[in-house]
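The sequence and structure are shown first, followed by the computed description.

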Amino acid sequence: MKKISLTGIQSTGVLHIGNYFGAIKPALELAKTYETRYFIADYHALNKKKDPKELYTGIRHAAAGWLAAGLNPDEVIFYRQSSVPEVFELTTMLMAFTSKGLMNRAHAYKAAVQFNNERGEDQDVGINMGLFTYPILMAADILLFDSDVVPVGKDQEQHIEMAQDIAQSVNAIYKQQILKVPQAVIQEDVAVIPGLDGRKMSKSYGNTIPLFSSENELNKIIMSIVTNSQGVEEPKDPATSSIYTFYKLFSTTEEQEALAARYRAGGMGWGEAKKELFRVVNRELSPLRERYNAIIADIPAMDKILAQGAEKARAIAGTVIGRFRKAAGID
Ligand code: TRP
């Protein structure tokens with residue numbers, strides 16, 4: 001039997017190539033060897049987003065983005081968290097097994113408290129219970145599907161440890177394995193994708209290359225990459241060029257060697273290097289962009305795919321929740 005991989009997808013923010021290489025591609029790679037369940041964490045998003053339009057479009061953009069990037073809904077159970085009521089049933093049950101002290105130690109909550117303290121504010125200002133109990137909802141997401149592995153970024157490691165703790169306390173109390181204890185798969189070996197300014201690519205730095213920008217926008221973004229003032233004729237060092245770092249992500253080994261040789265030989269200006277970069281980026285992203293545009297143009301069809309995924313997910317979730325209710329005496 002194949003092992004189970006599950007992950008939650010944030011639905012806030014525009015997908016960029018850092019997400020693509022750092023999260024989407026590796027998660028789709030895992031789907032080849034694992035039974036896979038991937039979902040849009042839309043109730044988690046509600047903690048932060050109260051504008052209905054923004055929430056609605058964020059959910060659709062995230063779902064369309066993953067489908068366009070190659071998620072195959074016939075092979076991966078793909079659904080919205082909010083379409084699986086068992087998630088909330090399990091969340092409530094897990095509350096009874098989670099100490100408040102564990103939640104007090106969560107990084108995101110602690111950072112919010114510290115933010116208030118530094119400003120001399122009451123420590124609870126702007127903190128809702130959704131933020132405070134975020135790790136419990138996330139534990140329910142994971143434990144509801146007997147997940148073996150959870151591919152996440154380093155920042156989510158503590159949440160997975162909390163899910164382990166919570167599962168273990170349930171199992172200890174009933175002296176049987178009600179909930180499977182999951183393992184994190186931290187995507188550490190993926191190179192940090194540099195942003196346009198050389199810092200880590202992140203939407204908070206505003207230095208991203210959006211995954212689905214139009215050809216024109218993409219061209220503009222690439223042409224705006226900051227370079228040094230070396231002239232056309234000067235030989236250039238590929239190792240220190242951010243253009244070359246991006247180029248490596250999108251090109252074959254032969255292409256990389258050819259461009260590196262042109263850099264070293266001199267006679268190629270930065271404008272020329274950017275043109276060559278645009279060519280390979282656009283080559284990889286064009287088909288994604290076309291699929292994305294087609295998917296987003298027919299939202300009812302995509303919603304149907306997500307609804308079918310939710311149906312499959314609920315069938316699995318029902319057995320896990322049934323097991324737990326029986327052990328707890330509330331079946
Ligand atoms: N908290 C995760 C993030 O910010 C998203 C998420 C929600 C998740 N539920 C999950 C990830 C369950 C893995 C498993 O990226």
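The sections below treat the basis of the model, the chain as a whole, the ligand site and selected residues.

## Basis of the model

The model is predicted; local features require pLDDT of at least 70 and side-chain atom pairs count only at pLDDT 80 or more, whereas totals for chains, interfaces and linings use all residues. Residues are numbered from 1 along each chain as its sequence is written, and side-chain values rest on heavy atoms, with hydrogens and water left out.

## The chain as a whole

The secondary structure consists of 14 helices and five strands. These elements are DSSP runs numbered from the N terminus, helices being H or I with at least four residues and strands E with at least two. Along its principal axes, the C-alpha trace spans about 80 × 50 × 35 Å.

Of the 331 residues in the chain, 48% are buried; the classes are buried under 20% relative accessible area, exposed over 50% and partly exposed in between, with a 1.4 Å probe and protein chains only. Among contacts with a separation of 6 or more, 77% join residues 24 or more positions apart, a contact being heavy atoms within 4.5 Å. The accessible surface comes to about 16,600 Å², and carbon and sulfur atoms account for 53% of that area. Such areas come from the Shrake-Rupley method with a 1.4 Å probe, and for residues only the protein chains shown count as cover.

The chain carries 38 positive and 39 negative charges, whose mean positions are 2 Å apart. Lys and Arg count as positive and Asp and Glu as negative, while His and the chain ends are not counted; each charge is placed at NZ of Lys, CZ of Arg, CG of Asp or CD of Glu.

## The ligand site

Around the ligand there are 14 residues, of which Gly8, Gln10, Tyr134, Asp141 and Gln156 come nearest; a residue belongs to this group if one of its heavy atoms lies within 4 Å of the ligand. In the side chain of Gln10, an N or O atom is 2.5 Å from an oxygen atom of the ligand. The side chain of Tyr134 places an N or O atom 2.6 Å from a ligand nitrogen atom, and a polar side-chain atom of Gln156 lies 2.8 Å from a nitrogen atom of the ligand. The protein covers 92% of the 360 Å² of accessible area that the ligand has on its own.

Two or more residues of the shell come from each of β1 (4-9), α8 (134-143) and β4 (149-152). Helix α8 gives the most, with four residues.

## Positive phi angles in loops

Asp146, in the loop between α8 and β4, has a positive phi near 50° although it is a residue other than glycine. Asp146 counts as buried because its relative accessibility is 17%.

Lys175 lies in the loop between α9 and β5 (183-186) and likewise has a positive phi of about 50° without being a glycine. With a relative accessible area of 74%, Lys175 is exposed.

Gln164 is located in helix α9 (residues 157-174) and is buried, with a relative accessible area of 17%. Not counting residues up to four places away in sequence, Gln164 touches Val181, Pro182 and Gln183.

Trp270 belongs to helix α13 (residues 270-296) and is buried at 11% relative accessibility. With residues up to four places away in sequence excluded, Trp270 touches Thr227, Asn228, Gln230, Lys236, Ser241, Ile243 and Tyr263. The C-alpha atoms of Trp270 and Val84 are separated by 51 Å, the two residues being 186 apart along the chain.

Notes
Polar contact = N/O pair within 3.5 Å; in protein donor to acceptor, adjacent residues only side chain to side chain.
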